[in-house]
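Dear colleague,

I am handing over the structure below, together with an account of what was found in it. Please read the text alongside the sequence and the coordinates.

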Amino acid sequence: MAERRRGTRRQRWAEPVALLAALLLAPGCAPPGEPADTAARDVQRTLDRRAAAVVDRDESAYLAVLDPAAASLRAAERREFANLAQVPLRSWEYRLTGLDRTSAGRATAEVELRYRFDGYDEAPMKAAGRLDLVRRDGRWYVAAEHPDRGGRQLWEQGEVTVVRGAHSLVLGAGQGERRLRAVAEAADRAVPAADRAWPGRWARRLVVLVPPSLDSMGSLLGAPAAGYRGIAAVTTGETGGPGAAPADRVIVNPEAYALLGDFGQQIVLTHEAAHVATRADTSVATPMWLSEGFADWAAYRGTGRTASEAAPELRRAVRKKELPAALPTDREFRFGADAGMDADTLARSYEGGWLACALIAQEWGEEKLTAFYRAVGGHGRREGAVEKAMHEVLGTTPEDFTVRWRAYVRERLA
């Protein structure tokens, strides 16, 4: 799930992998005379050697698993290995999820890459991919690598520069260290700000990726770049219940982010930090007006910005007697080429969600706001989640809250 916001050699680590070749190779897939139950095991060994070479920073071992006849692949993989030089890896593992024996001595493998950044990821990032393999002299080699269906990795886009902050790890491709240092400084301010808004257990650190361009950002996300034009940053990660520890990434659009002033850039990164802080308590039950509204509330909290300054599009609507009749729906937060939402509608949705959370903080208190957020996310399913949490935490109903919200919007923006 992606969420929008405007404007030293290391000890080798590996998880035990149980492979049942019968699940990966259907009967009869192996050529005659080649035992089908050894192929998956042998391919996994090749993948394990490759993973160990990455963690051990051993280029020779990394290239040794590549098909000696694939000269272009070897050149590309040598560059990619070099691009990883500064990346602080704690673990790197390939899991074989499927194997198709296409012909004698050839196969296609479906693979899941799992990796963690040292000191930052409590759970691995996962990326699916596909490899073509060839068998030579009884050993499997990687002959071709196909783009990940869910998006490319940063080190596939160029040499990665790494900047470490007090609360952040910033990785950039095609970016100067000075620019990345400025991002790290803003991220270091964002973490304490988000922590003040969301007291509780979370990692209190950010991993920020800065790709070379808008197109590169789309490639990282596995989505059309046009859908992120004007979007300064997004946060990716899996939602989960309490105790979950997903690996979040804040991905910056270098083009849109650069157009913002210092204040705007700080708002963006604090907003994204709030998403990381609340991730474990965000679920399918959480409406977008609450998750995005809370992130904006956390970002603007304590900045001294007035409602009119923070919600200009909604202010225009109010002054044109176009006060929204209801809290924004999830659909009104959609962005992308097929979203069907114009920029003004999208902006008003964010602003409306922010004012809803500001209303709760003002009328019920900040502790009630965070309790309400947790109660909604803990419901487990969308139906009835907001209603139940409003009744139990705020002592109100969605209908009454909507009336109060509309009055609050009018009062703050008229």
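In which sense do S2 and S3 pair, and over how many bridges? The two strands pair in the antiparallel sense, and the pairing runs over 11 bridges. Please keep in mind throughout that this is a predicted model.

To begin with the whole, the protein chain has 15 helices and 10 strands, and of its 414 residues 52% count as buried. The chain exposes about 18,400 Å², of which carbon and sulfur atoms supply 48%.

The pair named above belongs to an open sheet of four strands, which follow the order S2-S3-S4-S5 with antiparallel pairing. Strand S2 (89-103) and strand S5 (139-146) stand at the edges with a single partner strand each, so one side of each is left without a neighbour in the sheet. Neighbouring strands of this sheet are turned against each other by 35 degrees on average, if direction is ignored.

Tyr94 has Leu113, in S3, as its bridge partner, and in the hairpin of S2 and S3, where two residues lie between the strands, Gly105 takes a positive phi near 80 degrees. Strand S3 (residues 106-117) also pairs with strand S4 (residues 125-136), again in the antiparallel sense, over 10 bridges, and Arg106 stands opposite Val134 in S4.

Turning to the helices, H5 (residues 177-197) has 21 residues and reaches 30 Å from its first C-alpha to its last, which is close to the 30 Å expected at 1.5 Å a residue. Which residues of H5 are buried? They are Leu180, Val183, Ala184, Ala186, Ala187, Asp188, Ala190, Val191, Ala193, Ala194 and Ala197.

Is Glu313 buried or exposed? Glu313 counts as buried because its relative accessibility is 18%, and the cut-off for buried is under 20%. Leaving aside the neighbours within four places in sequence, Glu313 is in contact with Asp344, Ala347, Arg348 and Glu351.

With kind regards

Technical notes: Residues are numbered from 1 along each chain as its sequence is written. This is a predicted model: local features need pLDDT of at least 70, side-chain atom pairs count only at pLDDT 80 or more; totals for chains, interfaces and linings use all residues. Side-chain values use heavy atoms; hydrogens and water are left out. The expected span of a helix is 1.5 Å times one less than its number of residues. Buried means under 20% relative accessible area, exposed over 50%, partly exposed in between (1.4 Å probe, protein chains only). Accessible areas come from the Shrake-Rupley method with a 1.4 Å probe; for residues, only the protein chains shown count as cover. Two strands pair if DSSP finds at least two bridges between them. Axes are lines fitted to C-alpha atoms, for helices over the stretch in contact, and angles run from 0 to 180 degrees between N-to-C directions. Contact means heavy atoms within 4.5 Å.
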